[in-house]
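Biologist: I'd like to learn how to read a model like this one, feature by feature. Could you take me through it?

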Amino acid sequence: MTRIGLAATAGYLPERWMTAAEIGEASGIPEKTLVEKFGLRGKHIAAAGEHVSDMAVEAGTRLIAECGVDPGEIDAVVYYGSTWKDYPVWHAAPWIAHRLGCRNAFALELDYVSCGTPVAIRVCRDLLLAEDDIHKVLAVAACRESYIVDLTNDRSRFAFNFGDGAVAGLLVKDHPTNELLGCHMITDGSFAMDVVMPAGGSVEPPSHASVDASRHFVDVPNPRAMKERLDLVSLPNFLGVAEGALKKSGATVADISCLCLIHMKRSMHEGIVQALGVDPARAPYLDDTGHMSGADPLFSVDRAARAGMLSDGDMVLMLGAGAGYTWAASVLRWGSGE
């Protein structure tokens, strides 16, 4: 039986770190509130000329150097990071593949947001299982969304944790360790219009007026209504995708050894950890990076592995959710699993 393994991972964080105190000064939210409730000690900020393609290339370059893979042997490069990229109406994956020297790879772009990691894992795993001539897939994600958050707009305070960074993962057919198992997703399209960048698309093309009115930042038209509706379904849907992915993996919630989540407010993070019965020490919390769109769960896996947190046979659950709204989960059995 064909198995797909996560052969290597690598992450990248920009040099600049914006502290909670700085975020508090810009937003008017007390530093203590940002640390204790938002779960944000600080976040990394990309340099002025540093874009998602640059950060994805940096993460990919580190992965290639560390695991010694020949870029020419990579069959596909899949970009699944932030949809706010170097240019509008543009694919980052071909440019990333070219710069990494993946000369024989085709490029694939997944237009997802914060649920990106579990979705990308599912797509890349299934691609490797379905195609006989595909053996190595490089998945990369990056986020520069700190630049599209207006810290003076209280409606968008849920996005004040948006930070910048990147991650890369190499998926390999018949790799002997770190097997990728089941995946599951739930979508509720009734939330589709709750989080938007109002201007820049075909509904409201860019103009002097749209720029002057700061309509090129993430916004929430009705925060209270979104919160009331989302609070009813968010935890059940997180648990639903977790249980669905574990069932497809021949496992249960009791088998989770490590939980790798997107960054979210501290109370929601702790609620999910508690509901799944995971030891909080086995659920890394990205309070020093904030939320990096779709990159978070795989970045968390990379960080956990480098910290020596993962042992042979550990069942790792990657869990995310993104505006739209889609909840997604993927399961990874660390090591040989024997």
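This is a predicted model: local features need pLDDT of at least 70, side-chain atom pairs count only at pLDDT 80 or more; totals for chains, interfaces and linings use all residues.

Biologist: Let's start with helices. At what angle do H7 and H8 pack?

Modeller: In general, two packed helices are described by the angle between their axes and the distance between the axes. Here, helix H7 (residues 223-248) packs on helix H8 (residues 266-276) at about 45°, and the axes are 11 Å apart. Helices are DSSP runs of H or I with at least four residues, strands are E runs with at least two, and both are numbered from the N terminus. An axis is a line fitted to C-alpha atoms, for helices over the stretch in contact, and angles run from 0 to 180 degrees between N-to-C directions.

Biologist: And how are H7 and H8 oriented to each other?

Modeller: They are therefore oblique. Angles under 35 degrees count as roughly parallel, over 145 as roughly antiparallel, 65 to 115 as roughly perpendicular, and the rest as oblique. The crossing of H7 and H8 is right-handed; that's the clockwise case, whereas a crossing is left-handed if the near helix is turned anticlockwise from the far one by less than a right angle.

Biologist: Which residues of H7 and H8 meet?

Modeller: From H7 you have Ser234, Leu235, Phe238, Leu239 and Ala242, and from H8 Met268, Gly271, Ile272, Ala275 and Leu276. Contact means heavy atoms within 4.5 Å. By class, the contact of H7 with H8 holds eight nonpolar residues, two polar and no charged. Ala, Val, Leu, Ile, Met, Phe, Trp, Tyr, Cys and Pro count as nonpolar, Asp, Glu, Lys and Arg as charged, and the others, Gly among them, as polar.

Biologist: What does the packing of H3 and H4 look like?

Modeller: H3 and helix H4 (residues 93-100) pack at about 40°, with axes 10 Å apart. That makes H3 oblique to H4, and their crossing is right-handed. Ser53, Asp54, Ala56, Val57, Gly60, Thr61 and Ile64 of H3 meet Trp95, Ile96, Arg99 and Leu100 of H4. This contact of H3 with H4 has six nonpolar, three polar and two charged residues.

Biologist: On to the core. Which residues touch the most other members of the largest nonpolar core?

Modeller: A nonpolar core is a set of buried Ala, Val, Leu, Ile, Met, Phe, Trp, Tyr and Cys residues joined through side-chain atoms within 4.5 Å. Out of 34 residues in the largest one, Tyr80, Val137, Leu171, Val301, Val316 and Leu332 touch the most other members. Helix H5 (residues 116-130) gives this core its largest share, five residues. Leaving out residues up to four places away in sequence, Val137 touches Ala76, Val78, Cys124, Leu127, Leu128, Gly169, Leu170 and Leu171.

Biologist: Last one, backbone geometry. Where is the cis peptide bond?

Modeller: Most residues other than glycine have a negative phi, and most peptide bonds are trans. In this model a cis peptide bond joins Gly324 and Tyr325, with omega about -5°. Tyr325 is in the loop between strand E10 (315-322) and strand E11 (326-333).

Biologist: And what is the phi of Asp174?

Modeller: Positive, about 60°, although Asp174 is not a glycine. Asp174 lies in the loop between strand E7 (164-173) and strand E8 (179-187), and is partly exposed at 49% relative accessible area. Ser293 also has a positive phi, near 50°, but Ser293 counts as buried, at 1% relative accessibility. Look for Ser293 in the loop between H8 and helix H9 (296-306).

Methods
Residues are numbered from 1 along each chain as its sequence is written. Side-chain values use heavy atoms; hydrogens and water are left out. Buried means under 20% relative accessible area, exposed over 50%, partly exposed in between (1.4 Å probe, protein chains only).
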